[in-house]
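This briefing concerns the structure shown below.

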Amino acid sequence: MSRSGQPLDNRLADALARLALPGHVPVGGGTDLFAAGGESQPHAPIRVEVGGLPELLGITTLPDGGLRIGAACSLDDIANHALVRDGYPMLAAACAQAAPPSLRATATLGGNVAQRPRCAYFRANVRCHKNGGTTCPAVHGENPHHAILEGGPCWMVHPSDPAVALVALDATMELGSATASRTVPASAFFVLPSARLDRESVLQGDEMLFAATLPAQSRGGMQRFTKRGVDDASYGDGVSLAVAHRTDGEARLVLGGVAPRPYRVYTSVEEEAVSGGLDDETIDGLAERALLDAEPLAGNGYRVDLAAGLLRDAIREIAATRQ
């Protein structure tokens, strides 16, 4: 049944029925599956095409003033849509920076936020925690692109930039299967390896993401999405920060590229950032507190420095608006 209680469209019902079968996965643009060499791997998933389903398309205004974005919308469409650019520029920026133009045109929001880890060991089918093994090769191997926060037993980082923006915007994720539908906050959609190793989200095997909804109260205020790599390149591996300083005075600071899920910093840091009148020493202390739990591996300590720099800039800008 649909969320409205009405029978599902035949195409959608057929897709959801197939997803209930073992080894079947939903595919919109298919860019991540191809990048992972999915069809050539020993246990390649069976693709269920969902990109053209009308229930997963469209960007529409909700009665309460929020916005609903279908999971099959392309990153390019989201980045260039007037309603997103005007009301939620952070998400537009995150989608624009998530991939090169050639990929943004086909990559979908659902595929991007639910993509599998881009860890080189996982993608190469090395026996690791997520490939049926009992160790994480990154711990004592090459690890410049791995987690500095919330790692273990797997030290992957979540690869989605739009996911970071959705958490900062207090988005809600619409999930559905052939038998039920549910909604979860974006902040609860992503899960740590310590909770489960087979997936990176709360999606069950027979479920798929239908849409993300953005609340009206997240509109306005200061919104910024920044991604910084070793060479400050717009694309490629790096650390990102989504900043939402809302008109109601609340702030959200969410880091990407540092943990197995979008990492929201301590609320105490957010609360002090909006208090205003902060000097450089206090700003440095807040950035240090936000990363107090960082546990870098041998080759990824630079991520602590990148994250601290992004946080200092954001906190300084937020504090300036309160003076």
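Leaving aside neighbours within four places in sequence, I69 is in contact (heavy atoms within 4.5 Å) with G58, I59, I78, V84, L91, L109, A211, A212 and L214. This is a predicted model, in which local features need pLDDT of at least 70 and side-chain atom pairs count only at pLDDT 80 or more, while totals for chains, interfaces and linings use all residues. Residues are numbered from 1 along each chain as its sequence is written, and side-chain values use heavy atoms, with hydrogens and water left out.

**Nonpolar cores**

- The largest nonpolar core holds 42 residues, of which I69, L91, L166 and M173 touch the most other members.
- Helix α9 (residues 161-168) gives the most to this core, contributing six residues.
- A second, separate core has 32 residues, including M222, L253, L255 and L306.
- Such a core is a set of buried Ala, Val, Leu, Ile, Met, Phe, Trp, Tyr and Cys residues joined through side-chain atoms within 4.5 Å; buried means under 20% relative accessible area, exposed over 50%, and partly exposed in between (1.4 Å probe, protein chains only).
- In soluble globular proteins, nonpolar side chains tend to be buried together.

- Strand β4 (residues 67-70) runs antiparallel to β3 and is joined to it by three bridges; two strands pair if DSSP finds at least two bridges between them.
- Within this pair, I59 stands opposite I69 in β4.

**Strand β1**

- V25 lies in strand β1 (residues 24-27).
- V25 counts as partly exposed because its relative accessibility is 27%.
- V25 and A15 are 10 residues apart in sequence and 9.8 Å apart in space, C-alpha to C-alpha.

**Overall fold**

- The protein has 13 helices and 11 strands, taken as DSSP runs numbered from the N terminus (helices: H or I, at least four residues; strands: E, at least two).
- Of its 323 residues, 50% count as buried.
- Among contacts with a separation of 6 or more, 62% are between residues 24 or more positions apart.
- The accessible surface comes to about 14000 Å², of which 51% belongs to carbon and sulfur atoms; the areas come from the Shrake-Rupley method with a 1.4 Å probe, and for residues only the protein chains shown count as cover.
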